[in-house]
Amino acid sequence: MWCEIVSLLRSLGSALVSYFDAKKKRKVAEIYQALNSDPIDVAALRRMAISEGGLLTDEIRCKVWPKLLSVNTDDLPPLPGKELREDNKDYQQVLLDVRRSLRRFPPGMPDDQREGLQEELIDIILHVLKRNPQLHYYQGYHDIVVTFLLVVGDRLATALVEKLSTHHLRDFMDPTMDNTKHILNYLMPIIDQVNPEVHDFMQSAEVGTIFALSWLITWFGHVLSDFRHVVRLYDFFLACHPLMPIYFAAVIVLHRQQEVLECECDMASVHHLLSQIPQDLPYESLISKAGDLFVQFPPSELAKEAAQQQAERTAASTFKDFELASVQQRPDTVLRQRFRERLRGEERLRGEERTKSILTKPRTNRFVKLAVMGLTVALGAAALAVVKSALEWAPKFELQIFP
């Protein structure tokens with residue numbers, strides 16, 4: 001009997017491996033089909049980057065990340081030279097940060113190889129800052145740059161990081177942290193929409209949002225130890241709206257809601273708990289939930305609570321100017337179609353109990369809205385597709401003095 005069970009388990013394991021291998025091969029084929037389309041199907045590439053498993057390999061990322069950022073790989077800038085270090089106001093700080101970045105390189109990498117990459121990392125950062133004097137270096141920026149360097153190499157990383165710095169990361173690179181604080185201000189409204197109890201508990205503890213600062217400004221690169229998880233999140237963030245990292249931060253907090261509510265209700269205790277990010281997070285599930293929350297509660301709905309002065313200067317409100325090829329290729333378009341496709345697929349299963357299980361806060365007006373929208377349970381990432389109409393990136397924010 002025992003031998004039969006072992007044999008059955010082996011057969012089952014072999015079948016599962018075959019299934020996942022076939023699934024991976026299908027996805028790779030879809031990615032290359034999108035890359036070989038004329039014009040390139042950027043919307044399909046966004047769908048692949050968001051859906052389960054992301055872009056799968058660094059080889060594919062080298063081809064897809066430039067398309068997600070509208071970077072022309074046929075016209076890359078020359079490699080930066082060492083002369084950038086002369087009389088550069090940021091050089092000493094960049095040097096110190098890069099020297100402290102040992103943990104961001106693969107374990108076991110030979111010292112001479114790592115040191116060579118650190119030199120390239122310094123040059124890339126100084127090159128971007130030199131070409132864009134309106135940008136200001138911040139501690140943590142190197143954690144993002146090193147991810148691109150390790151995945152795509154120095155020359156392509158230079159072009160990708162420059163585009164990223166003038167768009168997704170633009171708000172972090174102002175001379176003050178006002179816009180970064182504004183983006184952090186979205187965290188609590190998102191949590192409030194989903195779980196008012198957690199929101200109220202955190203407000204009572206006066207913990208604020210500073211625990212999520214390093215998450216946001218490094219795209220979690222500084223706080224996650226497994227490089228596979230970092231690049232998976234980069235696939236997701238590159239395919240989405242600039243505010244998606246704050247939605248992902250919110251779902252991490254919500255994922256740990258029981259721990260939060262069992263914590264002592266004081267600032268020190270809650271801050272200590274939340275600042276220690278778990279390394280065994282269910283990343284695919286959280287990515288799916290973050291995308292769903294973005295569609296259910298887009299920035300335009302949360303702007304009043306999160307607004308600050310001069311909001312139109314933020315990347316979140318000016319991202320409509322980002323150089324994407326067409327309306328159908330916008331990240332929000334992909335997310336909205338994913339939401340709609342999943343709803344159609346599960347409509348026959350909708351009922352009273354599924355409505356009760358929807359990931360949203362228990363308030364009458366919210367229930368009415370969700371019922372009208374026909375929402376069911378939290379949506380998975382497998383139903384992504386290209387949508388036919390686009391969501392505007394963000395309306396004009398209502399002005400409000402930042403607290």
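These legends accompany several views of a predicted model.

View 1. Of its 403 residues, 53% are buried.

**View 2. The largest nonpolar core holds 114 residues**. Have a look for Phe220, Ile246 and Phe248, the members that touch the most other members of this core. Helix α13, residues 244–255, is the element that gives the most to the core, with 10 residues.

**View 3. Phe248 and its contacts from elsewhere in the sequence**. Once neighbours within four places in sequence are set aside, Phe248 is in contact with Phe220, Leu233 and Phe237, and also with Tyr283, Leu286, Ile287 and Ala290.

**View 4. Helix α2 packs against helix α12**. Here α2 (residues 42–50) and α12 (residues 227–238) pack at an angle of about 145 degrees, and their axes are 8 Å apart. The crossing of α2 past α12 is left-handed. From α2 come Arg46, Ala49 and Ile50, which meet Arg232, Asp235, Phe236 and Leu238 of α12. Sorted by kind, the residues of this contact are 4 nonpolar, 3 charged and no polar.

**View 5. A stretch annotated in UniProt, residues 236–254**. The unreviewed UniProt entry lists residues 236–254 as a "transmembrane region", along with residues 367–387. In the model, residues 236–254 are 74% helix and 0% strand. If you follow this stretch from end to end, its end C-alpha atoms are 19 Å apart.

Definitions and conventions: Residues are numbered from 1 along each chain as its sequence is written. This is a predicted model: local features need pLDDT of at least 70, side-chain atom pairs count only at pLDDT 80 or more; totals for chains, interfaces and linings use all residues. Side-chain values use heavy atoms; hydrogens and water are left out. A nonpolar core is a set of buried Ala, Val, Leu, Ile, Met, Phe, Trp, Tyr and Cys residues joined through side-chain atoms within 4.5 Å. Buried means under 20% relative accessible area, exposed over 50%, partly exposed in between (1.4 Å probe, protein chains only). Helices (H or I, at least four residues) and strands (E, at least two) are DSSP runs, numbered from the N terminus. Contact means heavy atoms within 4.5 Å. Axes are lines fitted to C-alpha atoms, for helices over the stretch in contact, and angles run from 0 to 180 degrees between N-to-C directions. A crossing is left-handed if the near helix is turned anticlockwise from the far one by less than a right angle, and right-handed if clockwise. Ala, Val, Leu, Ile, Met, Phe, Trp, Tyr, Cys and Pro count as nonpolar, Asp, Glu, Lys and Arg as charged, and the others, Gly among them, as polar. UniProt positions are given in the numbering used here, feature names are shortened, and annotations may be inferred rather than shown by experiment.
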